[in-house]
Amino acid sequence: MKQRLKAIFYSFAVQLVLLHFKKFQILLIFWLALFGAVSGNFMASFGVDSLYLSPEYLGSVNAISAGIVGMSVGIFIMSWNITTFILFCRHFRFLATTTRPFLKYCINNAVIPLLFLVFYFVNAVDFDLHKELLSVSEVMTLVGGFLMGLVLIIFLSLAYFFGADITIARNMISLDPSPMALHRGVKPYIVLNSGGSRLIKVTTYLSGRLNVKAVRDVTHYSKEFLESIFSRHHFAAVLSIFIAFVFLMLVGFLLDYEMFKLPAAASITIFFAILVSVAGAFSYFLQSWSVPFAVVLIIVLNLLYRYGVIDPTNKAYGLNYSKEIQKAAYTSANLAALNTAERVTADSLRMVQVLENWKRRQGVEKPHLYIVNVSGGGTRSATFTMGVMQKLDSICGGQLMRKTFMITGASGGMLGAAYFRALSRERDLGKPIRLQDPVYVDDISKDLLNPTFSSFVARDLAAPAQKFQVGEYEYVKDRAYSFEQQLNKNTRYLLDKEFSALAKEEQEALMPTMIFNSVITRDGRKMLISTHPLSFLMKPSGDPRLQLPTDPDAVDFAALLSRQDPMNLRLLTALRMNATFPYVLPNVWLPTDPVIDVMDAGLRDNYGIETAVRFIHVFRNWIKENTTGVTLLQIKDRQGGGWEHPFESKAVSEIVTKPLLLLQLNWYKMQQYNHQDQLGMVSDLLPGQFNRISFHYLPEKEETKAALNFHLTQREKVDIRHALDNELNALGFIRFKESITIGAD
């Protein structure tokens, strides 16, 4: 028994695993990322697990989509084998004397890939049965598709190397396999040495037919003969990796065609395959110089960016970034100039006219004013928002958008609200649209994550820049462009408009005004984006003696960028700027001096309360005189209060990390506490005329809760639909119906 265990331990397969952990840990990082992605422990908040376990292709989860992911995993496994073969083969000289040495290496190097495949199938079956709600036959079809793709790539790869083996064998005839002197006491055919110390010892290996064979003595072969065999294998290996990279570049060029929009998991995995080969090349050619070279490369890239040679930044589609146009000055003096008393008065009077137009459309002397606030929360918030607004519209007889004056908020909620507003406007124009049709909930719940991640890999990282135009201005296609195009398709192209096309309808109150927010990363100020001038929202209302006169905490986008054609901004881009989920979407850089960039509105005001409260405060006198009051319809993707997800220390390590993560994990809760103060002050400003009705997405069970990302599983969609009818929301709909009745009276 002891001898058998010893034989297993010193087998080529086991010793290769040990060598990976001992010498080239950096290559194992990619396997760790794949295991983490499949298990849901790596980038779980981005929904990466669903990309792998339930891949979509052309809008469907089927054998083809699974097969494409299987092919990508096959490419990664072969890249792993090729790279490590190049790194290790010279140490295992016995391989050179075997037929098809690369095949022998792949078989013995299969421990980690096989563990991953077993792990993948266990997780995929569980995920598809319980989260995607697929039948057993459908799951088996996906598994079969994955396996077919995997086997196809491995078969083609091995066939390619079998051809290389034949060519190598023919060329080896001219080489002299003369024996070399055997140093006494050393057995180079079984021992791998490094720096005078033994790394591993190999006594047996698995053959092509999976038979256990003893390692042969190769000391009688010349060094030239062995090196020539491995060098020719290296060329074949490098050529295969180059082909994979060219393939990814081609996909990046062709992403505008539906058939080339690969499942995101496939793009990510192919990119990992290329990174494995690049990391291996660094280790092989540079060895101890790898880290210094990487540092120098980063310094060079920074210098190229600083002097404008390269520009990886994302732009606001529609704005004029021409160097001939003077950039907007982002300075304290200029912000103060945008917020003078005269300007605030003029912009306020213009907004009063919009309010008067809204009042005139209500058909009563003193209507009730509604403001819709929606929260961030990715696709789950967009879906929940659409469902709530459909029910509210049904309760008030299809008049929700007529009664609503303003919509504001963050991220996903604004996607759903913008789509509902667009549908309502199309209906008003005579289009055959039934706003309560569940197909529109299906639209907004469709996947946005796959095209975004696919573009990130194939366009942002692999393919050279491609251009597109908005009006007369040109921009680079990247993952932000892919996100907007997919959102446009999901929403039936109703959001494909520039602000200039919306300005007149919002001015005449033919549709609710939407105020989009984003956060300026330079200083935390809020960027306010609207078709209306908004200087009156740049600072809190109240006694100016209590405020810094030249330091507004918000910026009117159109006023700041007046020279850059702000009304040409794409509505889809404004929505994206409002929903710039960190890392998934790039920050948007603006043509200012100094240059500023903006990101997700949820960083400062995830619920839109701050903007709504400030608006009510500014126009409180008009509201008192012209309406029966204001109702804030708040649609949130969580209940809040902090009880459902307390920040607890459950490990010694968390005692150290807790102070660092405190702000991150309690960010939304602290916003809610602050909003309670703001709402309390508004109720004092409008005694008896202010009301708030809240709707919350509450999962039926914590384990079925929809993830905060741009992809929903079937189970999550069902859970969101059921949340509309829970006890808390049912009460909210009753209160809304009562407010409609009171307003009519």
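# Worked exercises on a predicted model

In this predicted model, a polar atom of the Thr84 side chain lies 2.7 Å from the backbone oxygen of Trp80. Residues are numbered from 1 along each chain as its sequence is written, and side-chain values use heavy atoms, with hydrogens and water left out. Because the model is predicted, local features need pLDDT of at least 70 and side-chain atom pairs count only at pLDDT 80 or more, while totals for chains, interfaces and linings use all residues.

**Exercise 1.** Find the helix that holds Thr84, and decide whether this residue is buried or exposed.

*Solution.* Begin with the helix: Thr84 lies in α5, residues 63-88, where helices are DSSP runs of H or I with at least four residues, strands are runs of E with at least two, and both are numbered from the N terminus. Next take the accessibility: Thr84 is buried, because its relative accessibility is 0%, and buried means under 20% relative accessible area, exposed over 50% and partly exposed in between, with a 1.4 Å probe and protein chains only. Last, the Thr84 side chain also reaches the backbone oxygen of Asn81, at 3.3 Å.

**Exercise 2.** Describe where Glu700 sits and which residues it is in contact with, leaving aside neighbours within four places in sequence.

*Solution.* First, Glu700 is in the loop between β18 (690-696) and α28 (714-723), and it counts as exposed because its relative accessibility is 57%. Second, beyond those neighbours, Glu700 is in contact (heavy atoms within 4.5 Å) with Asp719 and His722. Third, Glu700 and Asp719 are 19 residues apart in sequence, and their C-alpha atoms are 6.7 Å apart in space. Finally, the side chains of Glu700 and His722 are joined by a polar contact of 3.3 Å, the term standing for a pair of N or O atoms within 3.5 Å, of which, within protein, one must be able to donate a hydrogen and the other to accept it, and for which residues adjacent in sequence count only if both atoms are side-chain atoms.
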